[in-house]
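Hi,

Here is the structure I promised to pass on. Have a look, and my notes follow below.

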Amino acid sequence: AVVSTQSTGFQRVYDNAVEVALLERATIIDSIEENLPPAKLTSFLRFIKTRCSPRQVYYDDDIVDEEDGSELHRYTQQTFDVVKGMQGQFTVLASHLERMGGLQEQIDLQTKQIRELRTVVKELKGVVKEIRRGQVSPYSQTVTGHG
């Protein structure tokens, strides 16, 4: 089942790579064709045809000959290893992101607590000023919500 999945995955990646290469080639050719004079355009098209065509290799995952089979297996294994490594990196990254989310909640809570403490300190400063002026007894309970 794993080999079948890898072969199918390889075939999809290969097919997609060919499609992407063809699309990029068409985009570049189109943009260059629009700006070239006719003589240069002919030379350019000849260059594209002879030097820039993507390599076309027939591939059928049901046919495995001895020479290509080992190479295909090696490429499939390398691709599988890369994907597995990336999955591990994504797992670590997701773990870090979760921890950062928890840290953000802690930061928000601490910020709220700091604001509350600033309010209390402000009120206490007011009480201290009043005590110094002699307007309030140090033993009265005039601090709002705390006494």
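Residues 24 or more positions apart make up 44% of the contacts with a separation of 6 or more in the protein chain, a contact being heavy atoms within 4.5 Å. Bear in mind that this is a predicted model, where local features need pLDDT of at least 70, side-chain atom pairs count only at pLDDT 80 or more, and totals for chains, interfaces and linings use all residues. Numbering starts from 1 along each chain as its sequence is written, and side-chain values use heavy atoms, with hydrogens and water left out.

The protein chain has 3 helices and 0 strands, as DSSP runs numbered from the N terminus (helices: H or I, at least four residues; strands: E, at least two). Of its 147 residues, 9% are buried, meaning under 20% relative accessible area, with exposed over 50% and partly exposed in between (1.4 Å probe, protein chains only).

Gly9 sits in helix 1 (residues 2–35). Its C-alpha atom is 9.4 Å from that of Thr79, 70 residues away along the chain. Gly9 counts as partly exposed because its relative accessibility is 21%.

Now for helix 3 (residues 66–133), which holds Leu93. Leu93 has 45% relative accessibility, so this residue is partly exposed too.

Cheers
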